[in-house]
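I opened the model to look up a few local features. My notes are below the display.

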Amino acid sequence: MDELFKNSNTQNMFAQLGTRVGNDYVPSKNCYMILMHIYEKLNSSERSATHLRQIIGFSQLLSQHLIPMFIAVNNDNIIDILLKILVSLISPIESLMLVEKNVGENGDNSTLLGLNWMMSMSKAAWADLKAIKRIMEVIKEHMKKLSCCPVGYTNNYSISFISDCLRLIKNILHIPNEQYQNTILWMIFSEQFDEIIISLIANSNRGHWAVLIIELIALIFKNQHVEQMSMQIIKMNETKKFDSSEDNESNTSSKYPKYGRNSSPENLSELSNEDCDDDANFKLNKMIGNLRKNNLMDEEDKSSKEAIIHNLNVHTVNDKLDSTKTKFEELLLLAELNLKKGDDDETSNSNNLNTESRRNSITEIRRNSITESRRNSYTETRRNSNRESRRNSLEQIKFEFEMKSYKPTLGSAICRRKEKSRKKKYTKKNFKTKLKLPSLPIQFNVPNEICMISYFLQKFTVRFLQNGFNTLVDELYNLLTSNSHQHIDTSLYFWILTYFCRFCKLNNIKLKLVRRIVSFKLISFIVHEGLKISEQLTIAKLQKSPNIHLKVRHLHLAIMAIKEVIKTIEFYRQTAVESPIYADLIKDLQNSGNNSPESITWAKDLKSLFTLLIRYYDSDIQIIEYLHDLIVTNHMVLSLFDTLKDCWNLNDNITAYIKKFAVPDIMYKYGLVLQNYEKNSEIVNESVLVMMHHVITKVENTTSLFQPIILKTFLKIFENNDYQYKRWSDLIENVLNKFLNIPHTVNCSENTLRGIPCIYKSTNQRMNF
């Protein structure tokens, strides 16, 4: 078997895997052995594995054999080894080879380009609904097997299957080919992937795939910026409020417009059948069945059913009246002909009673005349009935289309429709957590993939916060704090906290659903990891590591995670008063300030973290937004300490903490942020000026603010006389006055005053003091 990989017969070996029979794929007898050997070669040394990957890519083995086999085969042994091969084939290039080494030292770009091309083609091959559906079927099948296992028994075989399937989806989404990203996401969600994730999180074996689920969620939301997602969720919530405010006028109103969007009761009265009540009932049942098929009518919606019955009955009665009228006209015509016939008979009898043949002739003529009249009348009646039937059929089709096209798919479409037409009254729509692919008529303008994916992600976000966020974060926390040998990247943990915590407030998530997140033990762990990452970053700077940007990003995520968790704690502390577990939250907050085992000296570490990170901020490798987040998060920590100072006895500790910031090095970093106060957000400026105010009032160390970058900004604010000056005029004037009162002959060190003498004269002239 090894010789097959060393000569030109490799593709012949691939052909021995199986053959296509129509739309099916039939594996050969040696299929399992060949797959096992391929898997062993893929996990061998780097050079031979890379060579095999290139051969597989150029021979299109994935699209011609492996994926069709995966779709068609039901043998668990073959599927198991096939999943491992599929996962290995599209593993990220970073895990297969050192990119910097191959490109920088050897200069051999052909291998890297070949692997990139193979990955791109692999993602295109996976953009197949049958293949995605098959992955979901395998996951559901083994989830069902796990649910049937007795308590305390672990089915490692099924756990391995589920982990491989999740890893396969992760690798598919990780491939940098954005052309098929939204298409694959659309296919995944159309197969109810949201339900699968929630079920996997709720499973007792979730520790085996908790990290994979977080990696999957991060890849799914890769192109969804948190601010953009927040705005979309806000619009979705506003739409719900708009619906409830206008539609909740009657709790018995129909779930769709009673007479369609552009129809009226008069038009509905034209809906009829041709003959009888049986036909009317048949059309009624058919129409209601179509409405239920399109989810536009519930079984309980009796008012709408009655409306349709009423209109169909009216139309049926009209048809009967028209039919009776036609028959009555025919009877009148026949009676008139008979009357004329009688008059003619009397006249003919008086003239010639013996002419029998003439009488027969007249009788035959009259009979023909009556028959022709009946035929003409019947033909005209039938023509009118057919014309009326066709017109009614068109009206019915129009009515059914209006009912189908009423159901909206996006919240924004609802708002636009309601703004244009306030006459329609809708009922409040039931919130459905189960994601379904919206069924749109062909005539509808179907939104593009980006809007559809955004719609799915909004629904998934709400459902994930309600059913999985709390459990998943707690499970990963237990894995990180335990002696697990599993390597876990904490940046994913920080990201999921940063991304989803802010949505708790937007969606009014109940406290009990996020109780394990609203905890100081979580902050204590993040602070501990932040100090560790800071030490690693310092070492990376000294060693000039090429991957230093990863440490910078990792540290930034840790700070943002602390900020979002503190904001979430403060939100529930103020709003969750009526919650049954509010007392437990307050007790936890009060006990966290003591020297209890739960606190783990988190307060001391938290204070040290921010003074350390602000002092050693490096603008060469760290962005200014990172410094913004540091200062704002530190401001939130101070506010939280001030709120709970009576419970924690922190009066002296807060003053001592602020004293650590009253040094020129740290105040210089605050001045860097303040110099762009016109572009900064309000919370950033507030955080900077509050800290400066504390330095002057509580610590009384004004000289730490005597730096050109701070004084120039204060002078600019003073000259503009804008909002910041009106709010902080006492601080600005106090600092400038104390600076002007310093004798300019005083010999102050440059390190202390940061070149203040050079702007002393300019400040005095501008202040005109």
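I worked from a predicted model, where local features need pLDDT of at least 70, side-chain atom pairs count only at pLDDT 80 or more, and totals for chains, interfaces and linings use all residues. Residues are numbered from 1 along each chain as its sequence is written, and side-chain values use heavy atoms, with hydrogens and water left out.

Entry 1, Asn685. I found Asn685 in helix α31, residues 682-699 (helices are DSSP runs of H or I, at least four residues, and strands are runs of E, at least two, numbered from the N terminus). Asn685 is buried, at a relative accessible area of 3% (buried means under 20%, with a 1.4 Å probe and protein chains only). I then listed what Asn685 touches: Leu674, Tyr677, Asn680 and Gln724, leaving out residues up to four places away in sequence (contact means heavy atoms within 4.5 Å). A polar atom of the Asn685 side chain lies 2.9 Å from the backbone oxygen of Tyr677.

Helix α32 covers residues 708-720. I noted its buried residues, among them Pro708, Leu711, Phe714 and Ile717. Just after α32, Asn721 has a positive phi of about 55 degrees.

I checked strands β1 (residues 18-21) and β2 (residues 24-27), which pair in the antiparallel sense over 4 bridges (pairing requires at least two DSSP bridges between the strands). Gly18 has Pro27 in β2 as its bridge partner. There are 2 residues between the strands, and Gly22 takes a positive phi near 70 degrees in this hairpin.

Technical notes:
Buried < 20%, exposed > 50% of the residue type's maximum accessible area, 1.4 Å probe, protein only. Polar contact = N/O pair within 3.5 Å; in protein donor to acceptor, adjacent residues only side chain to side chain. Expected span 1.5 Å × (residues − 1).
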